[in-house]
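Try each task before you read its solution.

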Amino acid sequence: MLKRMKKRARLWVQVGFSALTNGYLLGFVKGKIFTGPTKAVCVPGLNCYSCPGALGSCPIGSLQAVLGSRNYKFSFYVIGFLMLIGSLAGRFVCGWLCPFGLIQDLLYKIPFIKKRKNLPGHKVLVWMKYVILAVFVIILPLFAVDIVGQGSPWFCQYICPSGTLTGGIPLVLLNEPLRGAIGWLFQWKMAILLLMIFLSVIVYRPFCKYVCPLGAVYSLFNPIALYRYQVDAEKCTKCGKCQKACKMDIRVWETPNSRECIRCGDCLKSCPHGAICSSMGKKKETIIVKDGQQNDK
């Protein structure tokens, strides 16, 4: 029983954190967005502001709102928040604390004829999330403004499937006036959501790998984050079992702190030689990291 609980520890943390950050149950009953004081605080993961249960704000949505405002062009709070979380945990947030990451994990568990780790053209597609971050989250909200100088939250408005699933659909279902106002934009976002759901059944976390701008931000901190992975060169035999276990398809013995790593921990469990550990793991005499770093423990 204890072994089973340890095996599912990440799942329970994901479920618990998603419930904690979306715990305003009255919002789902009344179909209204929570507007209490905690809504001014960002949560680490991609958690839509418009979700009826959301108690906090999405950092990507908050960043766009500030950049697009005619009164403010920079937010030290949002940027500081992203830098703090990134420098502490990197993409650990993606693997353990993001509600939409949990949804993709559950979808991937649905039986299908053949599962894939990646889409064709994976090595090129992984760069798309950085393009989305630069164009839809930063450039367009800053420069594509209306007559009064107000920008729009382009990523949230035109792309984000998480917002459609957790915010758009519940609000439309619970508010009759909104159902009458549905137009092409909602239909477009529903098409994106359905595509992501379909792909998530076949491919592991396609949104995280190819689309998510928040994952793109945190990925930049993976090599330097306080919580990172290390490989003992003396123990590692390059057997490849870590890559086989890794659903993000990372050659862990070469780049344990790859930008694509979501810190799920599967590689740590799969290594038969105990050559991989985290910076918070068991202390060893000398850990030599394969991407060029050396740390004495």
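Buried means under 20% relative accessible area, exposed over 50%, and partly exposed in between, using a 1.4 Å probe and protein chains only. Helices (H or I, at least four residues) and strands (E, at least two) are DSSP runs numbered from the N terminus. This is a predicted model, where local features need pLDDT of at least 70 and side-chain atom pairs count only at pLDDT 80 or more, while totals for chains, interfaces and linings use all residues. Residues are numbered from 1 along each chain as its sequence is written, and side-chain values use heavy atoms, with hydrogens and water left out.

**Exercise 1.** Find which residues of α4 are buried, and what they pack against.

*Solution.* Start with the accessibilities: P59, I60, S62, L63, Q64, V66, L67 and G68 are buried. That's eight of the 10 residues in α4, so the helix is mostly covered. Next, look for contacts (heavy atoms within 4.5 Å). The buried residues of α4 pack against α5, α9, α10 and α15.

**Exercise 2.** Work out how α4 and α9 pack.

*Solution.* You get about 20°, with the axes 8 Å apart.

Then list the contact: I60, L63, Q64, L67 and G68 in α4 meet F136, V137, I138, P141 and L142 in α9. Those residues split into eight nonpolar, two polar and no charged. Here Ala, Val, Leu, Ile, Met, Phe, Trp, Tyr, Cys and Pro count as nonpolar, Asp, Glu, Lys and Arg as charged, and the others, Gly among them, as polar.

**Exercise 3.** Which residues touch the most other members of the largest nonpolar core?

*Solution.* Of its 54 residues, L46, F155, F207, V211 and Y218 come out on top. Now zoom in on F155: leaving aside neighbours within four places in sequence, F155 contacts I60, Q64, I132, F136, V137, C160, F207, V211 and P213.

**Exercise 4.** Is K189 buried or exposed?

*Solution.* Locate K189 in helix α13, residues 184-202. Its relative accessibility is 10%, so K189 counts as buried. Finally, skip residues up to four places away in sequence, and K189 touches C156, Q157, Y158, I159, C160 and T164.

How values were computed: Axes fitted to C-alpha atoms, helices over the stretch in contact; angles between N-to-C directions. Core = buried A, V, L, I, M, F, W, Y, C linked by side-chain atoms within 4.5 Å.
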